[in-house]
Amino acid sequence: MARLSKNGLISGGISNLVFVNQGDRNVLRSKPDQVRQSANTKKAAGIFGYISKRDAQYRRKLMQLCKLVTDDRYAYRHRSQFYKMATSHRHTLEGDVSIVEGNPKLMEGFGFNRHLEWQNTCRFFPEIQLDTEMRSMTITIPELVWNRELKAPPKTHTAKLRIICIATLPDLENYQNVELLKEVTLEVYPGKQIEETRFTLTEVPEGQLLFVIGEIRFQQSRVQQNGELLTTASSYLWGGRIEKKE
């Protein structure tokens, strides 16, 4: 239905035409054709909606636990990567969705802050050994030397490295579906050499997605303050799972 405004312009639709006001002008457009959705299209949309909701719950809890620095597009990028991870094993759209059955390896390399990528400032990745029989996970951080394993941004003088281990069941519809298993913090600065560090987690949960996340925050002088987005990098470094025994 179209209406005539006080200034003599028409707004609204008539048949397959739409009148749009742009300042003191009337613009006439045709209505778009109705999009017809197939059963598969509707099924795909339902799966994406399911994963999007669980991804939002997961991210909220993750940020509460870890307080990572993220860019303004992080949520969109994370949701897209989470969807790929969750559906990587599906050959059809039939059956119920289970995110925990996805391939957690596909999250490796995802950076939370695109303004400072992990691989551009950290020249190392921890070594992960998963013992499914003993339900243990051993993480080894190599020897760290300033400006060798760590490529520091200009005018930074120290760095705080965090290695975070979590387990998650994102299929659960609640905000308690992420468990912090272990967090290790190391401080690195010029002239200090950090020896190889190794720690082991025992009684690792079965049937859950396991992630190791790395974060490094470089500190600047008070005179030079460029903000966290330019001095903090964080990324999924490893993803895996211990299959639940019947």
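V204 sits in the loop between β11 and β12. Strands here are DSSP runs (E, at least two residues), numbered from the N terminus. This is a predicted model: local features need pLDDT of at least 70, side-chain atom pairs count only at pLDDT 80 or more, and totals for chains, interfaces and linings use all residues. Residues are numbered from 1 along each chain as its sequence is written, and side-chain values use heavy atoms, with hydrogens and water left out.

**V204**
- V204 has a relative accessible area of 1%, so it is buried (under 20% relative accessible area, 1.4 Å probe, protein chains only).
- Leaving aside neighbours within four places in sequence, V204 contacts (heavy atoms within 4.5 Å) R135, S136, M137, L210 and I242.
- M137 lies 67 residues away from V204 in sequence, yet their C-alpha atoms are 7.2 Å apart.

**Nonpolar cores**
- M137 is also among the residues with the most contacts inside the largest nonpolar core, alongside I139, L161 and I216; this core has 32 residues.
- A nonpolar core is a set of buried Ala, Val, Leu, Ile, Met, Phe, Trp, Tyr and Cys residues joined through side-chain atoms within 4.5 Å.
- β8 contributes the most, with five residues.
- Another core, of 24 residues, lies apart from this one and includes L68, I99, V100 and I166.

**N177**
- N177 is in the loop between β8 and β9.
- Its relative accessibility is 4%, so N177 counts as buried.
- Beyond four places in sequence, N177 touches Q57, Y58, K61, A167, T168, L169, P170 and L172.

Notes. Buried < 20%, exposed > 50% of the residue type's maximum accessible area, 1.4 Å probe, protein only. Helix = DSSP H or I, 4+ residues; strand = E, 2+ residues; numbered from the N terminus.
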